[in-house]
Amino acid sequence: MSIDSQIHHFQQELRGSGCRLVAVSKTHPVELIREAYDAGQRLFGENRVQELTAKQPELPADIEWHLIGHLQTNKVKYIAPFVHTIQSIDSLKLLLEIERQAARAGRVIRGLLQFHIADEETKFGLSLPEAEALLQETAGKLQHVQLAGVMGIATNTDDEAQLRREFQTLRGYFEQLKASYFLADDAFREISMGMSGDYRLAVAEGSTLIRVGSAIFGSRAYPA
Ligand SMILES: *Cc1c(COP(=O)(O)O)cnc(C)c1O
């Protein structure tokens, strides 16, 4: 299927669901991103700073860029002038650096707290106590980061019951943080979960942002 028809398929499928699509364009050239853009897609996700900073100037300015991969603090400065949302905040140090670089750029950057929900060792992310410590530490101090919700990557498995449990866990974290820290803050509303293989389950479990790459752009030439 073409990129154009895949984007339209997702537009149809998500209509009325309260969930939006982040098209994950990592490893794919700007020509293919432009095809998705021309089909009406505006939210795109990349996982590497160098790739994102190379592509961004080549593409329309109204794209909402989401950084979805692990971010080293020393690289925040390269994306702070334009990135819309950093989905992968997994430490206090990183959050404070985003605040600093967003202030320098005169901007507000949206941030999601990334949680560890998979049963795999290799995936980055916070635990709930770590996230609470981070929120207590930064309470009242963030002027250039708008914390907008949570993100998680489920285990790479076909086990639907396990995937549902992991998505429910992330949703539970969101609800706890919302109740304790963001009750009056309408901006804290995103639950980013679901990828090509598991997005239907994620939407059923309350996802507000699915991050879909290969189901739109085809398989990647190299793993990323
Ligand atoms: C690559 C990636 C995706 C998209 O994966 P697909 O299986 O191609 O849909 C989603 N989220 C993150 C964090 C990724 O790195």
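I take helices (H or I, at least four residues) and strands (E, at least two) as DSSP runs, numbered from the N terminus.

**Ground rules.** I am working on a predicted model, where local features need pLDDT of at least 70, side-chain atom pairs count only at pLDDT 80 or more, and totals for chains, interfaces and linings use all residues. I number residues from 1 along each chain as its sequence is written, and side-chain values use heavy atoms, with hydrogens and water left out.

Entry: I searched a 1 Å grid over the protein atoms alone; a pocket is an open set of points where a 1.4 Å probe fits, with protein on both sides within 12 Å along at least five of seven lines. Lining residues have an atom within 4 Å of a point. Grid points are joined across faces, edges and corners, and the volume is the space filled by probe spheres set on them. I get about 230 Å³ for the second largest pocket.

Which element gives the most to its lining? I find β6, with three residues. Both α6 (128-138) and β6 (145-152) supply at least two. The lining includes Leu135, Lys141, Val145, Tyr181, Phe182 and Asp185. I sorted it by class: seven nonpolar (Ala, Val, Leu, Ile, Met, Phe, Trp, Tyr, Cys and Pro), three polar (the others, Gly among them) and two charged (Asp, Glu, Lys and Arg).

Entry: I looked up Lys26. UniProt, in an unreviewed entry, lists it for "modified residue: N6-(pyridoxal phosphate)lysine". Such annotations may be inferred rather than shown by experiment. Lys26 sits in the loop between β1 (20-24) and α2. Is Lys26 buried or exposed? Buried means under 20% relative accessible area, exposed over 50%, partly exposed in between (1.4 Å probe, protein chains only). Lys26 is buried, at 11%.

Thr27 lies in that loop between β1 and α2 too. Its phi is positive, near 75°, though Thr27 is not a glycine. Most residues other than glycine have a negative phi. Thr27 also counts as buried, at 17%.

**Entry: helix α2.** Here I checked residues 30-38. Val30, Ile33, Ala36 and Tyr37 are buried. They lie on the same side of α2, because they cover an arc of only 115° around the axis (directions from the helix axis to the C-beta atoms). On the other side, Glu31 and Asp38 are exposed.

What do the buried residues pack against? By contact (heavy atoms within 4.5 Å), I list α1 (3-14), β2 (43-46), α3 (49-55), β3 (64-67) and α9 (214-217). Gly40 follows α2, with a positive phi near 110°.
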